[in-house]
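Here is a short report on charged side-chain pairs. Look over the sequence and the model first.

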Amino acid sequence: LIAHVLLSKYADAIPLYRQAAMLERLGPGFTRQAMGQWVEHGAGLLQPVYRELQKIVERSGYVQGDETPLRVLDPARPGAAREAWLWTFLAPGQRTVVFDFQLTRSHEPALAFLRRFTGIFQTDGYAGYIKALRVLPEAQRQRIIHANCMAHCRRPFVEALESGDDRAAPFLAYLGALYRIEAELRETTPQERALARSTRSTAWLVPMHLALTRAAADSALLPQSALAKAVHYALARWPELTRYAEPGHGHMHIDSNAVENCIRPSAVGKKNFLFVGHPAAGWRSAVLYSILGTCKLQGVNEWRYLTWALPRLADATTLTAHEFTPQRFAALTT
C-alpha cells in the first residue's frame, strides 16, 4: 500500500487528496494525513539508498546538472507559497540521478556538489554554475572540466528563424549536421565516438565558428536582435560547447537533454499537486524522485523495486544500504 501511494504521487503525479478519494471508492478509507505519514516513512526508509546514489554520482567523473523550480508553502506567510528548486545531477554512464531540494537558485547548491566532485560537469548557460566554479578553491577547480549544452545553443537560433530572420538558417544547418553525426554514433563505443568527432564533427565546428565570428562583426546585425543574442551566446561559450568533440571525451553527450528528461516527472507532478506543503518536507521529493528516476534509468520496474526494498530497508543499517539500490536490484533480477 505504501509503495502504491509513493508511485501514485511521484511517478503518476496523483496528489494525496485524489488518491484518498480514489481509494474510498474501492472501500478502504484513508485520510490524506495518514498517507502523508506513509510518504514520510517510505522516504525515510529510502534515505540511506539516496545517500548511496549521491556517492555514485559524485564519483562518476561525468555529471550533467540542471535545476527546476517548484512551489512550497511558506510557513511565515500562511496560505502563501514561495519558490523552491530541485537541483538535479545525472551521471549518464552510471544511469543514476539525484535531486537536491533547496530554497534557493543561487550558486550555493551547485558549489556544494562541486566541492565533492572531480571530472566533467555539463550544464546549460546559467550563470550560477559559472559562479560556483569561479569561487571554488583553485586546487578543486583544476579537477573540474566545465562543458555546456549544444541544445541550449540551438534554441536561440530557432527563435531567431521563427522571428523571420533567415540569416539563422545556416547556423541551424551546421547544428543539424552535428546532431546527425551524433545519431549515427549512438551505438558506438566512446573511443570510436571520440575518433569520429575529431574528424567529422570538427569539419563542421570549424566553419561554424568562423561564421559566428563573421556574424558578430557584421554591422548589419542589430545588437538587440534575436540572431545577435544567439550568436553572442554561442561565441561566449564556444570552448565549453565544443568540449564533447575534444580527445578523450567520447563518453560525453553533445547536450544535457538527458538530465532535462530526468526532470520531466517532477514537472508533471507540480502541475497536479501544485506545491510542497512545507519546506521541511522538500527532502522527501528529492529522495523519491531520485530513487524512481534511477529505477527508470536502470530499466527497473519501480513497483517491484519498492515492494522488494521497503521491507528489507526496515531491518537495514547504514552499512548495508548499498545492498538495496536500484542497481543492486537490477543485478539480482537479471
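Is Glu260 buried, partly exposed or exposed? Glu260 is partly exposed, at 23% relative accessibility. Buried means under 20% relative accessible area, exposed over 50%, and partly exposed in between, with a 1.4 Å probe and protein chains only.

## Basis

This is a predicted model, where local features need pLDDT of at least 70, side-chain atom pairs count only at pLDDT 80 or more, and totals for chains, interfaces and linings use all residues. Residues are numbered from 1 along each chain as its sequence is written, and side-chain values use heavy atoms, leaving out hydrogens and water.

A salt bridge here is a side-chain nitrogen of Lys or Arg within 4 Å of a carboxyl oxygen of Asp or Glu. That rule gives 11 salt bridges.

## Strand to loop

Glu67 pairs with Arg105 in a salt bridge, with the closest N and O atoms 2.8 Å apart. Glu67 sits in strand β1 (residues 62–73) and Arg105 in the loop between β3 (96–102) and α4 (108–114), so the pair ties together parts 38 residues apart in sequence. Helices (H or I, at least four residues) and strands (E, at least two) are DSSP runs, numbered from the N terminus.

Glu67 is buried, at 8% relative accessibility. Arg105 is partly exposed, at 32%.

## Helix to helix

Glu260 and Arg155 form a salt bridge at 3.1 Å, N to O. Glu260 belongs to helix α12 (residues 257–273) and Arg155 to helix α7 (residues 150–162), so this pair ties together parts 105 residues apart in sequence. Arg155 is partly exposed, at 34%.

## A network

Salt bridges link Glu240, Arg243 and Glu246 in a network. Between Glu246 and Arg243, the closest N and O atoms are 3.4 Å apart. Arg243 is buried, at 16%, while Glu246 is partly exposed, at 27%.
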